[in-house]
Amino acid sequence: MTTYNYNSELIKAMNEKLPNGTNLANTLIDMLYLGKEAVYRRLRGEVPFTLAEAAAISQKMGVSLDKLAGTNVDSNAIFDLNIIRQTDPLETYYSIVDNYVKIFRDLNHDPASELCTSSNMIPQTFYLKYELLSKFRMFKWIYQFEKIDIEKHFEDIEIVDKLLEKQREFVRESQEFQHTEYIWDSKLFIYLINDIKYFASVHLISQEYVQKLKKELLQLLDELEEIATRGTFRTGQEVCIYISNINFEATYSYIASPAYHISLVRVFAINSFATRDEQVFNSVKEWIHSLKKFSTLISQSGEMQRIKFFKMQREIVEGLCV
């Protein structure tokens, strides 16, 4: 592809990403920190966008450079693996959480923004505000990948204050989307309880901390039931919660606005593969919404099913003892 055609396709792709009425030149001035004339020379095709500029556009606008260059095939998609570095896992994890906070903040005030998840685990968008529950997820990941001494106990792991506050910010920003939908596997609490019981059985979590985790789980259930009853977060934003009558093997999510699409697949306990590929996004979105056929809406409506679900989850949590 020639430079001129590459520029033309890049400009076309950017225009398709922008909401109607948004000025592309002004967007690029703010995004690339270029002067007005420099931007217009690129838009007229007199000067090509540099690789660094194209990469910045790709990152911030979700424009796929491999498709523009014609190097992809329909079955390929680019994923951000979000791999946590072994040398400093907590710092890397902080960076991942911070990145999602920035994405949430950029999108959630759009009147058409939405966040949708089908989850077989308690969603991070709820439990990350709870210090011990979020610490347990990190502990499980670190232990599984042998990033700590095998004899080190749960209570010996320290989560720095800046990470705790970033996690709380993650939860706050996730509840500002104009529309949110969750489809939950009915066993999502059972899976977590089984994990806690295992680590307690091998003496890596003390009875004292098992009871503290149990207390936070009951607090979380109270919060979730309150949200489901209202059908809104405390921010006032709408949320629909479904309970699936079938189990599913993984957690899928997508975040969307008219100009931005990203889909995510949960992996490695605490992070996700992410992609802005449109075909993957559409497939993930279709999969999530297809689960509604097997699910019961418990937010605002479905009172009997809602009461039954939360009663069952409390019974499961109350059974957490060693």
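User: Which residues line the second largest cavity?

Analyst: The model is a predicted one, and a search of the whole structure finds two cavities of 30 Å³ or more. The second largest cavity holds about 40 Å³ of space. The residues that line this second largest cavity are Ile 122, Tyr 127, Leu 133, Phe 136, Arg 137 and Leu 192.

User: Which helix gives the most to the lining of the second largest cavity?

Analyst: By class, the lining of the second largest cavity divides into five nonpolar residues, no polar ones and one charged. With three residues, the element that gives the most to this lining is helix 8 (residues 131-144).

User: What is the volume of the second largest pocket, and which helix gives the most to its lining?

Analyst: The lining of the second largest pocket includes Ser 186, Ile 243, Lys 308 and Phe 309, and it divides into six nonpolar, five polar and one charged residue. Strand 3 (238-244) and helix 13 each supply at least two residues of that lining. The pocket has a volume of about 240 Å³, and the element that gives the most to its lining, with five residues, is helix 13.

User: Are helix 11 and helix 13 roughly parallel or roughly antiparallel?

Analyst: Helix 11 (residues 207-230) and helix 13 (residues 303-318) pack with their axes 10 Å apart, at an angle of about 175°. Angles over 145 degrees count as roughly antiparallel, and therefore helix 11 and helix 13 are roughly antiparallel.

User: How many nonpolar residues does the contact of helix 11 with helix 13 have?

Analyst: On the side of helix 11 the contact is made by residues including Leu 217, Leu 221 and Glu 225, while helix 13 brings Arg 306, Phe 310 and Val 317 among them. By class, this contact has two polar and six charged residues, and its number of nonpolar residues is seven.

User: Are helix 6 and helix 9 roughly parallel or roughly antiparallel?

Analyst: The axes of helix 6 (residues 89-107) and helix 9 (residues 161-174) come within 9 Å and cross at roughly 25°. Angles under 35 degrees count as roughly parallel, so the two helices, helix 6 and helix 9, are roughly parallel.

User: Is the crossing of helix 6 and helix 9 left-handed or right-handed?

Analyst: The contact involves, among others, Tyr 94, Val 97 and Phe 104 of helix 6, together with Leu 163, Lys 166 and Phe 170 of helix 9. By class, the contact has nine nonpolar, two polar and seven charged residues. The crossing of helix 6 and helix 9 is left-handed.

Note on methods. Residues are numbered from 1 along each chain as its sequence is written. This is a predicted model: local features need pLDDT of at least 70, side-chain atom pairs count only at pLDDT 80 or more; totals for chains, interfaces and linings use all residues. Side-chain values use heavy atoms; hydrogens and water are left out. Axes are lines fitted to C-alpha atoms, for helices over the stretch in contact, and angles run from 0 to 180 degrees between N-to-C directions. Helices (H or I, at least four residues) and strands (E, at least two) are DSSP runs, numbered from the N terminus. Angles under 35 degrees count as roughly parallel, over 145 as roughly antiparallel, 65 to 115 as roughly perpendicular and the rest as oblique. A crossing is left-handed if the near helix is turned anticlockwise from the far one by less than a right angle, and right-handed if clockwise. Contact means heavy atoms within 4.5 Å. Ala, Val, Leu, Ile, Met, Phe, Trp, Tyr, Cys and Pro count as nonpolar, Asp, Glu, Lys and Arg as charged, and the others, Gly among them, as polar. On a 1 Å grid over the protein atoms alone, a cavity is a set of points where a 1.4 Å probe fits but cannot get out, and a pocket is an open set with protein on both sides within 12 Å along at least five of seven lines; lining residues have an atom within 4 Å of a point. Grid points are joined across faces, edges and corners, and a volume is the space filled by probe spheres set on the points.
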